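This report covers charge pairing, surface charge and a few local contacts. Start with the sequence and the structure.

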Amino acid sequence: MLDLPLGDLSNALFNAAFITYLVAMVLAFARLAFTRVGVGGAPLTTRGAGLWAGRGATALAIVGAAVHLGSIVTRGLAAGHVPWSNMYEYSSFLAFGTVVVGLVVVQRRLGYGHLMGFVLALAILSMTSALLLFTEPTPLVPSLQSWWINVHTSAAMGASTIFIIGFMATALYLVKRTAERRVGISGTGAAPTKPAGADTAPAEPGAGEPTLREDGEGFDDFVTDSDDPHDAATDPLAQRDALSPVTFPGLPFLLVSLYAFWVWGSPVVALLAGSVAALLGISVWYAVPKLPPSDKLDQLAYRMTAFAFPIWTFAVIAGALWAQEAWGRYWGWDPKETGSFFTWVLYAGYLHARSTRGWRGTRAAWLGVAAFIALAVTYYAVNLFVVGLHSYAGV
Amino acid sequence: MTTAPPRPPRTDARAERLPEIPGPGETVVLLWRRLRRMSTALYLLLALAAVSIVATFVPQEPVIPTTVADWRAGIEGPGAEVAAGLDALGLFDIYGSWWFATLVVLLFVSLTGCLIPRVRGFVRQARRAPAPGQNLGRLTHHRTVDSPLPPDQAVAAAATTLRRRRLRTRVRPAEGSPTGNAQVAAERGHAREGGSIAFHLSFYLLAAGAMVGVWFGFESQVNVVEGESFADTPVGYDSYEPGRFFGQGDHDGFTVELDEFAAEYHPGQDTGDGPQSSLIASEFASRISVHEGDEVAAQGTVAVNEPFHHGATSIYQIRFGFAPELTVRTEGGTELHADTTNLIESDDLVWTGVAAVERTDVDNQIALDLALLPDATVEGGRLTSASNEPDDPLLAVSVWYGSLGLERNRPAAEFDREAGTRLDESLLLEPGETGSLDALPLEVTFEGLPYWSGFQVAQEPGHGLLLAGAGLLLVGLVPSLFAYRRRVWVDAAPAAHGGSHVTLAGVARQRAETFAEAWPDLADALTTAVDGRDEPADQTTDDARPGSHDPTGETR
Ligand code: HEM
């Protein structure tokens, strides 16, 4: 049943995809570097080398994703069951999903191709964690042999990949918004002008309906003559100067290297991991003027999260149904269950916050970040460090 | 005093409401108002989240009691002192604690407080016809067109188009309209609020379902050896937890016999540092017969992911193990013990348990410490088990005697090892083999090796409610996130030539971007409609260009 040569093929394809993504990421960042900022609201422009780097990045990302799909499929064939039954397989699939969602939504739909470097970086991080958690394909324990594994796990992973893109947008939003605020651009992050204390929307033409509530999106779209926040944009490069070139690489370096040292106890690994984090940090700093305006990023974050949330909800419900079949109880506050619930509540909190006065904008975004961290913790920490019924799904 | 500048109007509603010293009635009103606020709901949600993260990392007694015991004893976790503190706060059973219940109740009060006005508003709004519009030129999306049709006809034509696009419309003649022109107002997107309300209402169903299950059901576990039975009565189970309102008479009262148990294992495989797949049972299942009185009422299989339902009761396959059958006789042939002992896998591929042989004579009791190797082989001079497949079972028996405390009503495995004495010699038996001891006049026969099978047996009312709640939750959630409210007006003023000046305007309450994308198409359709011609009019002024200030429209 276990066909190891196929498993080896899967590993080889995994490695090939990994390297392809790496090169694609470097090219995508090169494209970002060659992208010129338009002044006074003019569009970004990419010419010459940047254009070619961008094309190369896109092509390689697509090739990488295709190879990666091959790795996932052969893995499934090798194990004789769906290729998402342990942490290695989850992480691999997540990386694949991230690249696909990034290509389709971020690049194709929204035209933010110059952000693909960040998407690929997240995918590569997920693949790195897959490598660290590698296990040979194994048969499924009986409780995993269920039709529900397809439903529950694929929904959870589908939602997670979209949450990853949402997280990227949220994090970039926070950075961009901070920069904008420092150079004096007002944005939708600020509470819209409305009488405080009333939970009703301002009168809309011909209708003073008190039951209409303000909403996360579009509240400011009632009237055309609202201030366009980006008229105030002076030189976008000033946004970069408003952020510290020390903190951006420094803080990630510190946190990640300390964490790596704590986990692996090796200064070399710590230094390496820290440097990668620092590199990512400094590229965010560098990219700030080239990022879409904060309200666009906020919108992307909201859309991704709102899209993934029902899928996640469905995954949790399917999980409960499955637990009922397998263990005779639909919910037992097992750590994994608790963690998913926690994540769910935080994401619900984020969705609420975006339509709550005093919370929308950066505060809501921080909730979004917290929700994503909860997702990651539920994903990794609960499987790795906490004992519960789900632990067999372990490493 | 009068010279003081007038204070700016206070907009903080809370400060306005606060009386000097609120009386009890006012306090309740204040609390109620407070609980109805969205930000309060948000804080409650966050508190719920905080609680559940604690519960993720602090072991919960109902889930893993052994780990909690280890934490309390300081064997595991942060130490006994910290554990005592955690215990005092009820953190080992968060979901059973009073403050968790309080939190949930507050959340539901808040939810109710939010929902009452929302439902009322929703009903009012869903009934009301689309409101007329004024100052249409100030809206985000608007367009003016000249129509050859007179105002009433232009508006009627537009209304048809709008209805075809599934907007609710209300046509107002010039007299009834605030603009003084004939006008059609249209709207769509109530599904958003309706869905959101359905979503929030689903929490009541979920809570009701959970409560019905906890109060009117029971949950129990029982281990049975092949060929034996258990009865569906409170004393028939090894552990038994009836709901508060679950009475004895609510049991179905059948008897279940375990006819046969079968387990299959994955073939052994060297997986490097991965899990040894030979450890993993690939399948295990129990064949059972349900007896009611003298009759066999049902027969079937219970397996993981394949529960067995009989009457209101469900039987789940949870675990299994080996149950060696031993007979112990004195040298004279008197039978002291003939029974099976349930073993559990205490170490990889080693199954252990204790058989209590003699309990009546308090000072002279006998217990057997059992260790089973299902697939015994000698490897490097050591006896080990190659797998869990019972191909070559070998049972090691060591004998304890003395005042072992077996008369206490405790599991045999917890006999008093301090007070007893262990014989130096031990027996190694294969099935069918009899061994005798030198130091004691005893003979032990390893009669056979059946399995025991562990079931969870439960009555779980409320599942219908839970399913309905889960369904409503999903069905409501999707439109509450993706539907959006938008309104469209078509206003026609009479023009000199007998036709009319038509203003098209639209506004979206949510998803402004989506609406901006849809607007040109809608506006074109309306233009065609009021024009009476097939081609869209070319002298239109379209004032909304979606994304016109997005500086990322990069050359690609
Ligand atoms: C039991 C916990 C709750 C959960 C999990 C929850 C979840 C949600 C979700 C996922 C949404 C959709 C967000 C959106 O449409 O953008 C929502 C909307 C909403 N919730 Fe809750 N909710 C809960 C309790 C409450 C409570 C107690 C209130 C009242 C204070 C409330 C008031 C609202 C309102 C007013 C909306 C509409 C916001 C909008 O459509 O923009 N919710 N809720």
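A salt bridge here is a side-chain nitrogen of Lys or Arg within 4 Å of a carboxyl oxygen of Asp or Glu. By this rule the count comes to 13 salt bridges over all chains. The model is a predicted one.

**Salt bridges**

| Pair | N to O distance | Separation in sequence |
|---|---|---|
| A:D298 and A:R354 | 2.9 Å | 56 residues |
| B:R165 and B:D521 | 3.2 Å | 356 residues |

Take the chain A pair, A:D298 with A:R354, whose closest N and O atoms are 2.9 Å apart. A:D298 sits in helix α9 (residues 294–327), while A:R354 sits in the loop between α10 (335–353) and α11 (362–379), so the bridge ties together parts that are 56 residues apart in sequence. Are the two partners buried or exposed? Both A:D298 and A:R354 are buried.

Next comes B:R165 with B:D521, at 3.2 Å. B:R165 belongs to the loop between α7 (151–164) and β2 (168–172) of chain B, and B:D521 to helix α10 (residues 512–531) of chain B; the pair therefore ties together parts 356 residues apart in sequence. B:R165 has 30% relative accessibility, so it counts as partly exposed. B:D521 is partly exposed as well, with a relative accessible area of 45%.

B:E260 counts as partly exposed because its relative accessibility is 38%. B:R287 is partly exposed too, at 42%.

Salt bridges also form a network in chain B. Which residues are linked in it? They are B:E187, B:R485 and B:R487.

**A positive patch on chain B**

Some charges gather on the surface instead. B:R33, B:R36, B:R120 and B:R124 form a patch of positive charge there. Two elements of chain B give two or more residues to this patch: α2 (24–36) and α6 (98–127). Why is B:R124 classed as partly exposed? Its relative accessibility is 41%, and the partly exposed class runs between the buried limit, under 20%, and the exposed limit, over 50%.

Chain A has twelve helices and two strands. Along the sequence the order is α-β-β-α-α-α-α-α-α-α-α-α-α-α. Of its 395 residues, 59% are buried.

A:S126 lies in helix α4 (residues 116–132) of chain A. A:S126 has 8% relative accessibility and so counts as buried. What does its side chain reach? The side chain of A:S126 comes to 2.9 Å from the backbone oxygen of A:S91.

**One more site in chain B**

B:A376 lies in strand β17 (residues 376–379) of chain B. At 16% relative accessibility, B:A376 counts as buried. How far apart are B:A376 and B:L349 in space, and what is their separation in sequence? The C-alpha to C-alpha distance is 9.7 Å, and B:A376 and B:L349 are 27 residues apart in sequence.

Conventions:
Residues numbered from 1 in each chain as written. Chains lettered and ligands numbered in written order. Predicted model: local features only at pLDDT ≥ 70, side-chain atom pairs only at ≥ 80, totals over all residues. Heavy atoms only, no water. Patch = residues over 30% accessible without salt bridge, like charges linked within 9 Å, V, L, I, M, F, W, Y side chains within 5 Å. Areas by Shrake-Rupley, 256 points an atom, 1.4 Å probe, with all protein chains shown as cover. Lys, Arg positive; Asp, Glu negative; His and termini not counted. Charge placed at Lys NZ, Arg CZ, Asp CG, Glu CD. Helix = DSSP H or I, 4+ residues; strand = E, 2+ residues; numbered from the N terminus. Buried < 20%, exposed > 50% of the residue type's maximum accessible area, 1.4 Å probe, protein only. Polar contact = N/O pair within 3.5 Å; in protein donor to acceptor, adjacent residues only side chain to side chain.
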